[in-house]
Amino acid sequence: VEEISTKQLEDHFQGNVFSHIAITRMVLPHMRKRRDGTILFMGSLATGWGGYCTGKMALAAIIKSLRAEVKPFGITVTMCESGCFRIQILSSTNSASERGIVLGG
């Protein structure tokens with residue numbers, strides 16, 4: 001968390017949290033009308049890099065709440081959490097990559 005700037009964290013949340021909410025809000029009225037649908041989010045099993053993990057954890061909390069909210073409408077909300085693997089994002093944070101942190105999807 002200390003290694004990421006506020007701007008980077010805001011950008012991360014915009015791309016990985018708020019954009020998911022915006023898209024979900026666009027499709028929900030149609031799913032409610034049909035009383036059917038599935039919303040799939042990509043989560044992560046990653047730990048150890050706060051800048052990345054905070055957004056994924058926020059998304060997981062939103063998913064949990066959304067799941068309960070839309071269940072009465074016949075809508076399923078699920079999250080796919082990928083396994084861990086090395087990704088390019090780590091190259092921009094020397095100390096994180098030096099520690100060999102591995103992130104999921």
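This is a predicted model: local features need pLDDT of at least 70, side-chain atom pairs count only at pLDDT 80 or more; totals for chains, interfaces and linings use all residues.

**Overview of the chain**

Of the 105 residues of the protein chain, 32% count as buried, where buried means under 20% relative accessible area, exposed over 50%, and partly exposed in between, with a 1.4 Å probe and protein chains only. Residues are numbered from 1 along each chain as its sequence is written, and side-chain values use heavy atoms, with hydrogens and water left out.

The protein chain contains three helices and four strands, and along the sequence these follow the pattern α-β-α-β-β-α-β. Helices (H or I, at least four residues) and strands (E, at least two) are DSSP runs, numbered from the N terminus. Contact here means heavy atoms within 4.5 Å. Among contacts between residues at least 6 apart in sequence, 65% join residues at least 24 apart. The chain exposes about 6,600 Å², of which carbon and sulfur atoms supply 58%; accessible areas come from the Shrake-Rupley method with a 1.4 Å probe, and for residues only the protein chains shown count as cover.

**Helix α1**

Let me turn to helix α1, which covers residues 6-34. Does its length match expectation or depart from it? At 1.5 Å a residue, its 29 residues should span 42 Å, and the end C-alpha atoms are 41 Å apart, which agrees. The expected span is 1.5 Å times one less than the number of residues. The helix has a kink of about 40°, centred on glutamine 14; the bend at a residue is the angle between axes fitted to the seven residues ending there and the seven starting there. After α1 comes arginine 35, whose phi is positive, near 55°.

Which residues of α1 are buried? They are His12, Phe13, Val17, Thr24, Leu28 and Met31. Their cover includes β1 (37-44), α2 (50-70) and β2 (75-82). Histidine 12 counts as buried because its relative accessibility is 12%. Leaving aside residues up to four places away in sequence, histidine 12 touches Val17, Gly51, Tyr52, Gly55 and Lys56.

On the surface, Ile23, Met26 and Val27 form a nonpolar patch with about 280 Å² of accessible area together. Patches are made of residues with over 30% relative accessible area and no salt bridge, with like charges joined within 9 Å and nonpolar side chains (Val, Leu, Ile, Met, Phe, Trp, Tyr) within 5 Å.

**Helix α2**

**Salt bridges**

How many salt bridges does a search of the whole structure find? There are two, a salt bridge being a side-chain nitrogen of Lys or Arg within 4 Å of a carboxyl oxygen of Asp or Glu. One joins aspartate 11 and lysine 7 at 2.8 Å, N to O. Both residues lie in α1, four residues apart, about one turn of the helix. Aspartate 11 is partly exposed at 42% relative accessible area, whereas lysine 7 is exposed at 53%.

Aspartate 36 and arginine 34 also meet in a salt bridge, at 3.7 Å, N to O. Aspartate 36 is partly exposed, at 42% relative accessibility, and arginine 34 is exposed, at 57%.
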